Amino acid sequence: MKDIEESLRRAMRPVEPPQGFAERVMRALPERTAPANVVPLSIVRKTPAVAAWRRFSVPAALAASLLIAVFTGQHVATLQAEREEQAGLAASRELMQALRVTSQKLDLAYEAVQRPAPAPPAEEENRS
Amino acid sequence: MKLESAQADTPLLLDRARRGDQAAFAALIRMHQSSVFSIGLRMLNRRDAAEDLAQDVFLQLYRKLDSIESIEHLGFWLRRVAANLAIDWLRRAAYTRGTPLEEGAEIPAPQADDDPLMDRELLRLLGELAPAARAVMVLRYQEDRDVAEIATALDMPVNTVKSHIKRSLTAMRGKMIGAQLITAEELP
């Protein structure tokens, strides 16, 4: 009995490619995988100094920024304190001046109060 | 290098090819070129397209040599890539059906029990199958692979592979009977 599966196997026996196929493939290889186009890793790879710089540059920049911010803050705070101290001294001087003026005014007022009143005119005494 | 001795030393060849030995890679091509070219020929029905496909497969192999684990893996890898590439090409309609095969070029050398008319008709019917079904039939009857391996190679469930085989055989038998190349009594 003729089996169609056996017929298929027979009809589909592998066939050889045209002569020189392997050679054509081999000739095509260098075009796609030419070693000359491959850049050696040693060139691509970063030198230790560059690699270390690339690795630590961002943290170093952050640390520097932080230090600058701290010192600037301290300087501003010192200036502010000096400014406040000067203002305080000026205020103190003004206060002392004001107190002195007030004291003088009070002295004058006190003297005026202590001074004996002038005698009334005689006409007025007769009328009463 | 003789093919027989090359086959005996295939693990060594693979190792040498991985290390950049071009002669070893050429030997690997010669060992597998018939299988890969025939997959392309049965799938695409054109010798020029089959040669292009086979060349593409071997160039891909050259780039992926480091990922090939063993000789068995090499054969499986080549069949898988060839079949899937052919399906892709067919789906992109670059190599659609209808182009006549070159006279006598696609039929293997005749043997004693050959029936050239039957063979030609079977190959014509094979060319009428959908790309996935055709790939299943090629791997099953040309490459003599089992359904599990075909399923893995084509990334489809085993039952789908079985279904493709059954439906394709039924369709081919029906058309062969219609063409009076076989009779209903000859069905298994």
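User: Which members of the largest nonpolar core touch the most other members?

Analyst: The largest nonpolar core has 55 residues, and those touching the most other members are Leu28(B), Leu53(B), Val57(B), Ala82(B), Ala83(B) and Ala86(B). A nonpolar core is a set of buried Ala, Val, Leu, Ile, Met, Phe, Trp, Tyr and Cys residues joined through C-beta atoms within 7 Å. Helix α3(B) gives the largest share of this core, 13 residues. The structure is a predicted model, in which local features need pLDDT of at least 70 and side-chain atom pairs count only at pLDDT 80 or more, whereas totals for chains, interfaces and linings use all residues. Residues are numbered from 1 along each chain as its sequence is written, and chains are lettered from A and ligands numbered from 1 in the order in which they are written.

User: Where does this core lie relative to domain 1 and domain 2 of chain B, and how do you know?

Analyst: Domain 1 (1-97) and domain 2 (112-188) of chain B both give residues to the core, so the core lies between them. The domain bounds come from an automatic or database domain assignment.

User: Which residues is Leu53(B) in contact with, leaving aside its neighbours within four places in sequence?

Analyst: Leu53(B) is in contact with Gly40(B), Leu44(B), Ala82(B), Leu85(B), Ala86(B) and Trp89(B). Two residues are in contact if their C-beta atoms, placed from the backbone, lie within 7 Å. In chain B, 63% of the contacts with a separation of 6 or more join residues 24 or more positions apart.

User: What class does Asp144(B) fall into, and why?

Analyst: Asp144(B) has 9 other C-beta atoms within 10 Å and is therefore exposed. Asp144(B) lies in the loop between α7 (131-142) and α8 (147-154) of chain B, and its phi, about 60 degrees, is positive in a residue that is not a glycine.

User: What puts Leu13(B), Leu14(B) and Ala17(B), the buried residues of helix α2 (residues 10-18) of chain B, on the same side of that helix?

Analyst: Leu13(B), Leu14(B) and Ala17(B) are buried in α2(B). They cover an arc of only 100 degrees around the axis, which places them on the same side of α2(B); the arc is that of the directions from the helix axis to the C-beta atoms. The face turned away from this buried side carries the exposed residues Pro11(B), Leu12(B) and Asp15(B). After α2(B) comes Gly20(B), with a positive phi near 95 degrees.

User: How many helices and strands do chain A and chain B have?

Analyst: Chain A has five helices and zero strands, and chain B has nine helices and zero strands. Helices (H or I, at least four residues) and strands (E, at least two) are DSSP runs, numbered from the N terminus. Buried residues make up 7% of the 128 residues in chain A and 36% of the 188 residues in chain B.

User: What makes up the side of chain A that touches chain B?

Analyst: In chain A, 26 residues are in contact with 35 residues of chain B. The elements giving two or more residues to this side of chain A are α1 and α2, and α2(A) gives the largest share, nine residues. By class, this side has 15 nonpolar, two polar and nine charged residues. Ala, Val, Leu, Ile, Met, Phe, Trp, Tyr, Cys and Pro count as nonpolar, Asp, Glu, Lys and Arg as charged, and the others, Gly among them, as polar.

User: What is the mean pLDDT of chain B, and where is the pLDDT below 50?

Analyst: The mean pLDDT of chain B is 84, and 79% of its residues reach 70 or more. Over residues 97-105 of chain B the pLDDT is below 50; pLDDT is the predictor's confidence in each residue, from 0 to 100. Where pLDDT is low, the predicted coordinates should not be read in detail. The model scores ipTM 0.77 and pTM 0.62.

Technical notes. Buried ≥ 20, exposed ≤ 12 C-beta atoms within 10 Å, placed from the backbone.
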